[in-house]
Amino acid sequence: MSMQPKGSGEIPAETVRVAQAAFPKGSLAIRVRDELGPLFTDEGFVGLFAVRGRPAWSPGRLALVVVLQFVEGLTDRQAAEAVRARIDWKYALGLELTDAGFDFSVLSEFRDRLVGADGGRSVLDGVLAAAREKGLVGKGGRARTDSTHVLSAARELNRLELVGESLRAALNAVARAEPNWLAVHAPPEWFTHYATRIDDSRFPKARAGRAEVGRRIGADGTHLLEMVRTDGAPARLRALAEVEFLRRLWVQEFHLVEGEVEQRDPKDRPPGAKRLVTPYDPDARGSVKRDTFWDGFKVHLTETCEPGQVHLVTNVTTTVATVPDDRMAAEVHAGLATRDLLPDEHWVDTGYANSGAMVAADRDHGVALHGPLKAVTVPHARGEAVFGQDAFTIDWDNQHVTCPNGITSTQWHRRRSEDGLPTVRVRFSPADCRTCPGLRQCVSSPKAQRREINLRPRDEYEALQQARALQRTDEWKDRYKIRAGVEGTVSQAVQACGLRRSRYHGLPKTSLQHQLTGAAVNLIRIDAWLTGKPHAPTRTSPLAALRPAA
């Protein structure tokens, strides 16, 4: 299809007349159109369509449709029906009352185009640009960020189901690509074991029986991988995504022991960041946060939080589930910088706050990053507390450290941590430490003969000390209360827009869903602002309200 830019244009007079009669008090779609105007233009999506071909339905209007779809939690069929039948949607889209709309499959095709061009960011940017023109959002002030887990669209699988379903998916892919070849080469028992969905209820309950099933699946998968790599096999089978997934999973789950295929010990598998969890969503990863275990992704929401103003989502970032929060502050700031919406103060929780992030935020963007720092861990030796870093005096200029007993370090080396971050490794001389009566109170290992200390670079270390001192004040603790409101934003996105579970497979489409969710939340909040609807108070249970004061 090709696009011929038309723009939303003026709302037809008959549509205005009927909409005003049908909605004398207005509706969200009508108020958004009246206050913000056409949010998207066709020119903003020129790159998504070919120069020649059958004319496409207006992409600017489609962008508004997918956002309204998320606002109301509609399926594609329901959204297409709303365009055809609902007067307030026709008003928002600037359509004639007789406009029949489009087939619901157009929305899926449009989302695919958005995914390929990172168009979800453009949709969120369109809403923010319109809000900026009305003075509802701008750079400076305060912002806050929090993350939440997102479940994969694919169902969770145990270990036997994972390998069985992955083999079944690969066999189905091969059967679609080369049915005649597979019919000749597949052992007859494969049609019994893998023709239907793998379900845990089909497996034995006893551990020995399940281990035998695992070895059988492992041997069958190894056989298939060997078959598709023989000289006589069609070359395109090796390029199938399902076959490549099977190859990677078999390296993760199986190995050869004396020529026989055996399942790996759980401790012998890759770390969570690389571990595959389902053949139907190769981007999903398994993760854990406190008592929450999930397979899928993680999303980070950033919003403005100035009192007395509408709070709008200004950045949405989606990652696989295993990416830790302490890596995300820089990425969030980069996203805000591209929109020229960097705050003066950025309030986060402990997961994001660390000395490196604080220094980088101030140095690169002029943003003051605030968040509770992790408590200093004091090691113990034989039940007694060991001197922590705070007990040592650091002379950065002369590059040495003095211990509580007045001994000076002898080595100062710049190194890289296991995560690749710069550190300073300080060591004391064994000759000095062995004769010190406080050695056992200074080292945690009963065999250690000297104290060693790892320090962050000077700017990060000093920023850390300043932040710890500031966070001990009552003023900072009172100001930090503003961060808690972002949890309400996460709740709203989950309950109103279905943020908790991905609608689609893969990280790119899940990221698009979250960008559209951010845009939808903003429209809901702008409408609430226009109608004077106050922020909902924090809910307190009757029992909690009776809790005695400390």
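Two residues are in contact when they have heavy atoms within 4.5 Å of each other. In this predicted model, R168 is in contact with Y194, A195, T196, R197, I198 and Y280, leaving aside its neighbours within four places in sequence. The protein chain has 550 residues, and buried residues make up 46% of them. Its secondary structure consists of 20 helices and 15 strands.

**Overall chain**

- Taken along the principal axes, the C-alpha atoms of the protein chain fill a box of roughly 95 × 70 × 55 Å.
- Of the contacts between residues at least 6 apart in sequence, 68% join residues at least 24 apart.

**R168**

- R168 is part of helix α8, which covers residues 159-177.
- R168 counts as buried because its relative accessibility is 14%, and the cut-off for buried is under 20%.

**Helix α11**

- Helix α11 runs over residues 207-228 and has 22 residues.
- At 1.5 Å a residue, α11 should span 32 Å, and its end C-alpha atoms are 32 Å apart, so the two values agree.
- The buried residues of α11 are V213, G214, I217, G218, D220, G221, T222, L224, L225, M227 and V228.
- These buried residues pack against the helices α8 (159-177), α9 (179-185), α10 (188-193) and α12 (241-253), and also against the strands β2 (254-257) and β3 (260-263).
- Helix α8, one of the elements that the buried residues of α11 pack against, is also the helix that holds R168.

**Cysteines**

- The structure holds zero disulfides.
- C403 is in no disulfide, and the nearest cysteine sulfur, that of C436, is 5.9 Å away; a disulfide would need the two sulfur atoms within 2.5 Å.
- C403 has a relative accessibility of 12% and therefore counts as buried.
- C305 also counts as buried, because its relative accessibility is 1%.

**Cavities**

- A search of the whole structure finds seven cavities of 30 Å³ or more.
- The largest cavity has a volume of about 100 Å³.
- The lining of the largest cavity is made up of 14 residues, and those nearest its centre are C403, C433, C436, C442 and R451.
- By type, the lining residues of the largest cavity divide into ten nonpolar, two polar and two charged.

How values were computed. Residues are numbered from 1 along each chain as its sequence is written. This is a predicted model: local features need pLDDT of at least 70, side-chain atom pairs count only at pLDDT 80 or more; totals for chains, interfaces and linings use all residues. Side-chain values use heavy atoms; hydrogens and water are left out. Buried means under 20% relative accessible area, exposed over 50%, partly exposed in between (1.4 Å probe, protein chains only). On a 1 Å grid over the protein atoms alone, a cavity is a set of points where a 1.4 Å probe fits but cannot get out, and a pocket is an open set with protein on both sides within 12 Å along at least five of seven lines; lining residues have an atom within 4 Å of a point. Grid points are joined across faces, edges and corners, and a volume is the space filled by probe spheres set on the points. Ala, Val, Leu, Ile, Met, Phe, Trp, Tyr, Cys and Pro count as nonpolar, Asp, Glu, Lys and Arg as charged, and the others, Gly among them, as polar. Helices (H or I, at least four residues) and strands (E, at least two) are DSSP runs, numbered from the N terminus. The expected span of a helix is 1.5 Å times one less than its number of residues.
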